[in-house]
Amino acid sequence: MIKLILLTLLQAILGVGGVALLTHALHGKPAELRELLAGVLTIHGAAGTLLLFSSFILLSLIVSFAKMSVYIPLNTALTFLVTIVVAVVLGHERVTYTNALGMILIVTGVALIVSKQ
């Protein structure tokens with residue numbers, strides 16, 4: 001179970017990091033193919049794409065041994081948590097009480113699911 005949690009945490013970090021970098025590279029650009037390709041070819045865009053691809057490779061490894069009923073809730077909870085951390089640290093966003101309470105409820109629910117497996 002520890003292996004699943006650690007691999008899922010790493011996969012969430014890679015996925016959220018990749019999306020954050022792509023957001024940095026593409027935010028505010030028009031949704032035209034030329035502009036999107038130019039954004040993806042920047043250092044932030046290329047690094048974000050590489051992180052997302054790494055996340056997908058790790059996801060493929062995880063689903064080769066994990067039960068879907070455990071992995072998907074665990075992945076969802078850890079992705080939410082990593083997203084909040086990245087948004088606060090890198091995006092300088094504030095976490096509202098409702099966001100914090102929602103995260104606590106999600107993590108509690110996932111802990112219940114995972115503990116019975």
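Reader: How many helices and strands does the secondary structure of the protein chain come to?

Author: This is a predicted model. The protein chain has 5 helices and 0 strands. Along the sequence, the pattern reads α-α-α-α-α. The C-alpha trace spans about 50 × 35 × 20 Å along its principal axes.

Reader: How are two packed helices described?

Author: Two packed helices are described by the angle between their axes and the distance between the axes. Take helix α1 (residues 2-26) and helix α2 (residues 33-40). Their axes come within 8 Å and cross at roughly 125°. Therefore α1 and α2 lie oblique to each other. Their crossing is right-handed. From α1, the contact uses L22, A25 and L26; from α2, it uses L36, G39 and V40.

Reader: At what angle do the axes of α4 and α5 cross?

Author: The axes of α4 and helix α5 (residues 97-115) cross at roughly 155° and come within 9 Å. Angles over 145 degrees count as roughly antiparallel, so α4 and α5 are roughly antiparallel to each other. This crossing is left-handed.

Reader: Which residues in α4 and α5 meet?

Author: On the α4 side they are S69, V70, P73, L74, A77, F80, L81 and I84. On the α5 side they are M103, I106, V107, V110, I113 and V114.

Reader: Which residues make a nonpolar surface patch?

Author: V85, V88, V89, L90 and V95 make a nonpolar surface patch of about 430 Å². V85 sits in helix α4 (residues 68-89).

Conventions. Residues are numbered from 1 along each chain as its sequence is written. This is a predicted model: local features need pLDDT of at least 70, side-chain atom pairs count only at pLDDT 80 or more; totals for chains, interfaces and linings use all residues. Side-chain values use heavy atoms; hydrogens and water are left out. Patches are made of residues with over 30% relative accessible area and no salt bridge: like charges are joined within 9 Å, nonpolar side chains (Val, Leu, Ile, Met, Phe, Trp, Tyr) within 5 Å. Accessible areas come from the Shrake-Rupley method with a 1.4 Å probe; for residues, only the protein chains shown count as cover. A salt bridge is a side-chain nitrogen of Lys or Arg within 4 Å of a carboxyl oxygen of Asp or Glu. Helices (H or I, at least four residues) and strands (E, at least two) are DSSP runs, numbered from the N terminus. Axes are lines fitted to C-alpha atoms, for helices over the stretch in contact, and angles run from 0 to 180 degrees between N-to-C directions. Angles under 35 degrees count as roughly parallel, over 145 as roughly antiparallel, 65 to 115 as roughly perpendicular and the rest as oblique. A crossing is left-handed if the near helix is turned anticlockwise from the far one by less than a right angle, and right-handed if clockwise. Contact means heavy atoms within 4.5 Å.
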